[in-house]
Amino acid sequence: MSICDQIFAGKSPPILKVKELIRQVANSDLNIIICGESGVGKELVAQALHLSSNRKEKPFVKVNCAAIPSELLESELFGYERGAFTGADRSKMGKFELAHTGTIFLDEIGDMPISLQAKMLQVLQDFQFSRLGAKNDVRVNCWVLAATNQDLERCVKEGRFREDLYYRLNIIRIFIPPLRERQDDINLLIDHFGNQFAEKIKRPLFEFTDGAREFFREYSWPGNVRELKNTVERLMILGDWRTVKSELLARETRQFNGHELTTQVPPPVLEQQEVAPEPKKKFPTLKEVKKKAVQEAEGKLISVVLKETDWNRKRAAKLLEISYKALLYKIKDLGLRRDE
Ligand SMILES: Nc1ncnc2c1ncn2[C@@H]1O[C@H](COP(=O)(O)OP(=O)(O)OP(=O)(O)O)[C@@H](O)[C@H]1O
Ligand SMILES: [Mg+2]
């Protein structure tokens, strides 16, 4: 079993593709950007890349560009010499130097201040830079991996991210889809985290009933794999499926009613959006009228059924003969609320 298969659980087609890509690029030294919503496993993919490469015995250095105040990020990345600024009473190596011969993982790259992006671009070009306050350059050899849950193309369009840096980083892009789009992985992940945690806390596995597994499959997992992992661990500690299930349902309701901020990557900006809007037409098209009428009719029926089932969306979906997930999306799309 490859190291990638050992640490990165999943056999759904998109995950198999991710793993194949990891194998292909592991020794390429090409810059890689890993994208996906929060909690999908971006950091884990970065680790899998490093461990699958011939740099695996060398350092893997992570820098979270969002967690470090922007005025400190430069010195954190590139280091400084004694006296470079007030308080610099001794020199310090930056993360790039620490990652020499290994891998540097620039997490949340979308949050890198624009003022620092020019220097970063320079470094990605020749891997040469000077510590703050230094006269001489240092040269490093490291593999650059970056991750973001933001839509970098949009950041570029909005002027928050340099286009040249975007192209420099975007040589290979690994996209990890949200968990709700790879339900086939859910059972496997339940067992993966269950076994891992049972081993850690020396407790027997929590018995997942078929009903619980089915619920896990249909739940929308706004927090992705991280949420699933936490849920499995909570269940193993509490052993109380009913409480955990109602917590999940409450969270999902908040999410779909828009009370909770999502960290979803917005849909990619399509080329078509660039095109100037068409002049206002005198009449809507038949297609538009049909769509609106269908939406209205659907909205009415779904509201009635939800009321009838006291917002039990599982039952409502059964009555409507659509999947639970499809119903959740329709509720969101139509802006239906429980209190209406
Ligand atoms: N396919 C997987 N197999 C095993 N564990 C996974 C998998 N995907 C994610 N995890 C676990 O889920 C948790 C979240 O993953 P990770 O931190 O890599 O997500 P992320 O995309 O970097 O999230 P964020 O954007 O919030 O930083 C971690 O504990 C990670 O080990
Ligand atoms: Mg992360």
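Domain bounds here come from an automatic or database domain assignment. With that settled, 29 Å separate the centres of domain 2 and domain 3, taken over C-alpha atoms. You're working with a predicted model, where local features need pLDDT of at least 70, side-chain atom pairs count only at pLDDT 80 or more, and totals for chains, interfaces and linings use all residues. Residues are numbered from 1 along each chain as its sequence is written, while chains are lettered from A and ligands numbered from 1 in the order in which they are written.

**Exercise 1.** Work out which strands sit at the edges of the open five-stranded sheet.

Step 1: get the order. It reads β2-β3-β6-β1-β7, with parallel pairing. Strands (E, at least two residues) and helices (H or I, at least four) are DSSP runs, numbered from the N terminus. Two strands pair if DSSP finds at least two bridges between them.

Step 2: pick the ends. β2 (60-64) and β7 (172-175) each pair on one side only.

Step 3: check one pair. Five bridges join β2 to β3 (residues 103-107), and phenylalanine 60 stands opposite threonine 103.

**Exercise 2.** Find which domains and elements supply the shell around ligand 1.

Step 1: collect the neighbours (C-beta atom, placed from the backbone, within 6 Å). There are 16, the closest being Ser38, Gly41, Lys42, Glu43 and Val225.

Step 2: assign elements. α3 and α11 (224-238) are those giving two or more residues.

Step 3: assign domains. Domain 1 (3-177) and domain 2 (182-256) each give at least three residues.
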